[in-house]
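Dear colleague,

Please find below the structure we discussed, with its sequence. My notes on what was found in it follow.

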Amino acid sequence: VQLQASGGGLAQAGGSLRLTCTVPETIFSIDIMGWYRQAPGKQREVVAATGRIGGTSYVDSVKGRFTISRDMAKNTVYLQMNSLKPEDTAVYYCNAVIRATAKGDDYSYWGQGTLVTVSS
């Protein structure tokens, strides 16, 4: 299963970007979908996540600025990023816990990463 992420780019501080991640294949179910990021010289961290029945969680540094949402019918998760700060600069990765077939197990899959650069 290959997740397809898009939407990164360059933004000025205070600006906005929207990331999109889609599971293009026909699969049985998707549980948690989320976004992670990795800044240069730092470890990857979870930014936001959402479960299959709703519910969201955010790292403290993005609360009130980022919003994660999900379109179940399209197997797509979004990350709306507002009030961007230079410290948000990182490669953003989407992640999904997927069960490919009804009798299969849940596995974690990653997108290819999309670069977000915020200039001051």
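In this predicted model, strand S8 is largely enclosed by the rest of the structure, because five of its six residues are buried. Two strands pair with S8. S3 runs antiparallel to S8 and is joined to it by six bridges; within this pairing, Arg18 has Gln80 as its bridge partner in S8. S7 is likewise antiparallel to S8, again with six bridges, and here Arg70 stands opposite Val77. The hairpin of S7 and S8 has four residues between the strands, and Asn75 in this hairpin takes a positive phi near 50°.

Thr76 belongs to S8, which spans residues 76-81. Its relative accessibility is 4%, so Thr76 counts as buried, the limit being under 20%. The side chain of Thr76 makes a polar contact of 3.0 Å with that of Thr22. Leaving aside residues up to four places away in sequence, Thr76 touches Thr20, Cys21, Thr22, Met33, Ser69, Arg70 and Asp71.

S8 also contributes to the largest nonpolar core. That core has 29 residues, and the members that touch the most others are Leu3, Trp35, Phe66, Leu79, Met81, Tyr92 and Ile98. Two or more core residues come from each of S3 (17-22), S4 (29-38), S5 (45-51), S7 (66-71), S8, S9 (90-99) and S11 (114-119). S9 supplies the largest share, five residues. As for Ile98, its contacts beyond four places in sequence are Val1, Leu3, Val23, Ile27, Ser29, Ile30, Asp105, Asp106, Tyr107 and Tyr109.

Turning to the aromatic rings, a search of the whole structure finds one aromatic pair. The pair is formed by Tyr36 and Trp110, with ring centres 4.8 Å apart; the planes meet at 65°, so the arrangement is edge-to-face, a class that requires an angle over 60 degrees. Because Tyr36 is in strand S4 and Trp110 is in strand S10 (residues 106-110), the pair ties together parts that are 74 residues apart in sequence. Tyr36 counts as partly exposed at 24% relative accessibility, and Trp110 is partly exposed with a relative accessible area of 33%.

Two arginines are placed over tyrosine rings. Arg18 lies over the face of Tyr78, 4.1 Å from the ring centre. The charged end of Arg44 sits over the ring of Tyr93, at 3.8 Å from its centre.

Yours sincerely

Technical notes: Residues numbered from 1 in each chain as written. Predicted model: local features only at pLDDT ≥ 70, side-chain atom pairs only at ≥ 80, totals over all residues. Heavy atoms only, no water. Buried < 20%, exposed > 50% of the residue type's maximum accessible area, 1.4 Å probe, protein only. Polar contact = N/O pair within 3.5 Å; in protein donor to acceptor, adjacent residues only side chain to side chain. Contact = heavy atoms within 4.5 Å. Core = buried A, V, L, I, M, F, W, Y, C linked by side-chain atoms within 4.5 Å. Phe/Tyr/Trp six-rings, centres within 6.5 Å; stacked < 30°, edge-to-face > 60°. Lys NZ or Arg CZ within 6 Å of the ring centre and 35° of its normal. Pairing = 2+ DSSP bridges.
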